Amino acid sequence: MIAVSDLKAGMTFEQDGKLIKVLEASHHKPGKGNTVMRMKLKDIRSGSTIETTMRPDDKVPKAYIESKPVQYLYNQDDIEIFMDLETYDQYEIPTTIVEDEMLYILENMEVKIQFYGTEVIGVTLPKTVELKVVETQPSIKGATATGSGKPAKMETGLTVNVPDFIEADEVLEVNTADGSYLKRAAK
């Protein structure tokens, strides 16, 4: 059991037979009354998100999640195929479960898949990935990194706001936590 006040973003717990992932958690002290935890939670199996409040001294059973290194192979009929790097077993994950993560994953990329017992429940991304710009507005002569930026479509379909001097076919380093541009990738 884990106290609700100890829950942080990324942690997983069980509640009413559901597997719940914490997306956001913060203490809130209203003008009158006791402190509460404001939380944004995601039901891992259904994909639905809810915002709720809980008392900090409530306890919930912690879900034990294991991770295993895998390589992404390909997509087939709304199923993403991953291969275990040690045993060469293949795992099929419905695209709907890993839809957001797939915006950062290229074929043959190494990631980790998460298991709850024998059930595959998600993908853990590296902190940053290198993606190629496939479409953006032409660069602006004399542009600096401090400008407001422009949208750039990456090879996975992700749209990233980039500085005005970035051009198509450049490879960029992107933060997987929030989808933000970090820098040009080293050549």
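In what order do the five strands of the open sheet with antiparallel pairing come? Read on for that and a few other close-ups. This is a predicted model, where local features need pLDDT of at least 70, side-chain atom pairs count only at pLDDT 80 or more, and totals for chains, interfaces and linings use all residues. Residues are numbered from 1 along each chain as its sequence is written, and side-chain values use heavy atoms, with hydrogens and water left out.

View 1. Count them up and you get 16 strands and zero helices; both are DSSP runs numbered from the N terminus, with helices being H or I of at least four residues and strands E of at least two. Along the principal axes, the C-alpha atoms fill a box of roughly 55 × 50 × 25 Å. Of the 187 residues, 36% count as buried, meaning under 20% relative accessible area with a 1.4 Å probe and protein chains only (exposed is over 50%, partly exposed in between).

**View 2. The open sheet of five strands.** Here's the order: β14-β13-β12-β15-β16, with antiparallel pairing. At the edges sit β14 (159-162) and β16 (181-184), each pairing on one side only. On average, neighbouring strands here are turned by 50° against each other, direction ignored; the axes are lines fitted to C-alpha atoms, and angles run from 0 to 180 degrees between N-to-C directions. Two strands pair if DSSP finds at least two bridges between them. Strand β12 (residues 128-136) is joined to β15 (residues 171-175) by five bridges, and K132 stands opposite V171 in β15.

**View 3. K150, a buried lysine.** Look in strand β13 (residues 150-154) to find K150. K150 is buried but has no salt bridge, and D164, the nearest side chain of opposite charge, is 5.7 Å away. A salt bridge needs a side-chain nitrogen of Lys or Arg within 4 Å of a carboxyl oxygen of Asp or Glu. Still, the K150 side chain reaches the backbone oxygen of P138 at 3.4 Å. Another backbone oxygen, that of D164, lies 3.2 Å from a polar atom of the K150 side chain.

**View 4. The hairpin of β2 and β3.** Strands β2 (residues 12-15) and β3 (residues 18-28) pair in the antiparallel sense over four bridges. F13 stands opposite I20 in β3. With two residues between the strands, this hairpin has D16 taking a positive phi near 55°.

**View 5. Two aromatic pairs.** A search of the whole structure turns up two of these. Rings of Phe, Tyr and Trp (its six-membered ring) pair if their centres lie within 6.5 Å; planes under 30 degrees apart are stacked, over 60 edge-to-face, and the rest tilted. Y72 and F82 make a tilted pair, 5.2 Å centre to centre with 55° between the planes. Y72 is in strand β7 (residues 66-76) and F82 in strand β8 (residues 79-84), 10 residues apart. Both Y72 and F82 are buried. Y91 and F115 make an edge-to-face pair, 5.3 Å centre to centre with 70° between the planes. This pair links β9 (residues 90-94) with β10 (residues 110-116), 24 residues apart, and both Y91 and F115 are buried.

**View 6. Strand β9 and its neighbour β8.** Y91 and I93 make up the covered face of β9, while Q90, E92 and P94 are on the uncovered one. Five bridges join β8 to β9, running antiparallel, and E80 has I93 as its bridge partner in β9. Their hairpin has five residues between the strands, and Y88 takes a positive phi near 65° there.

Definitions and conventions: Lys, Arg positive; Asp, Glu negative; His and termini not counted. Polar contact = N/O pair within 3.5 Å; in protein donor to acceptor, adjacent residues only side chain to side chain.
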